[in-house]
Amino acid sequence: MPRTMSVADSIVIAATPARIYEQLSDPTAMGRWSPENRGATVHGDRRGAYVGMVFDGRNKRGAARWTTRCTVTAAEPGERFAFRVHAIGIRRPVLPGPIATWEYRFEAVDGATLVTETWTDDRRRWPDFLANAFDRVATGGKTFAQFQGGNIRTTLKRLKAALEADARDAES
């Protein structure tokens, strides 16, 4: 069975594209919303996201913990933020190779923002049967596309709740 190589989902958030970009382009804050990510350590300059910025993401799924090395590939304030995951390991990302690309797009709509999160499987060299078998073990029976679809939905819902609550608190 051929793999689904990319999944995406969208949500409308009552905040500006610039505000949402500011939050999502900070990899150290991703743990606030993601069901797996627990934050990140940025290497080098930390003034804001920029193409070429490298960070190590800390992740957890059940009892499993791992670290990924990521490089920002798009940093367009208020429009697009993306990074590729290109190394993985338990405590340090020591195994190099293409793993995934994550992208966030922001589009102003009726005083709010449509946020689209996309996950793309970069394991192109993996045969489908091997990737599907690995995925089902790593996710408890799902393909990564199915699993990441659920993670994306959770992340977007949490992001919406947090940013809209922040806006309400700022108004009071």
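Leaving aside neighbours within four places in sequence, with which residues is Phe83 in contact?

**View 1. Surroundings of Phe83 in a predicted model.** Beyond those neighbours within four places in sequence, Phe83 is in contact (heavy atoms within 4.5 Å) with Phe55, Cys70, Thr71, Val72, Thr73, Ala100, Thr101, Trp102 and Tyr104. The model is predicted, so local features need pLDDT of at least 70 and side-chain atom pairs count only at pLDDT 80 or more, whereas totals for chains, interfaces and linings use all residues. Residues are numbered from 1 along each chain as its sequence is written, and side-chain values use heavy atoms, with hydrogens and water left out.

**View 2. The largest nonpolar core.** This core, a set of buried Ala, Val, Leu, Ile, Met, Phe, Trp, Tyr and Cys residues joined through side-chain atoms within 4.5 Å, has 34 residues, and those with the most contacts inside it are Ile20, Leu24 and Phe83.

**View 3. The buried side of helix 1.** Pro17, Ile20, Tyr21, Gln23 and Leu24 of helix 1 are buried, meaning under 20% relative accessible area with a 1.4 Å probe and protein chains only. These residues lie on the same side of helix 1, because they cover an arc of only 165° around the axis, taken from the directions from the helix axis to the C-beta atoms.

Methods:
Buried < 20%, exposed > 50% of the residue type's maximum accessible area, 1.4 Å probe, protein only. Helix = DSSP H or I, 4+ residues; strand = E, 2+ residues; numbered from the N terminus.
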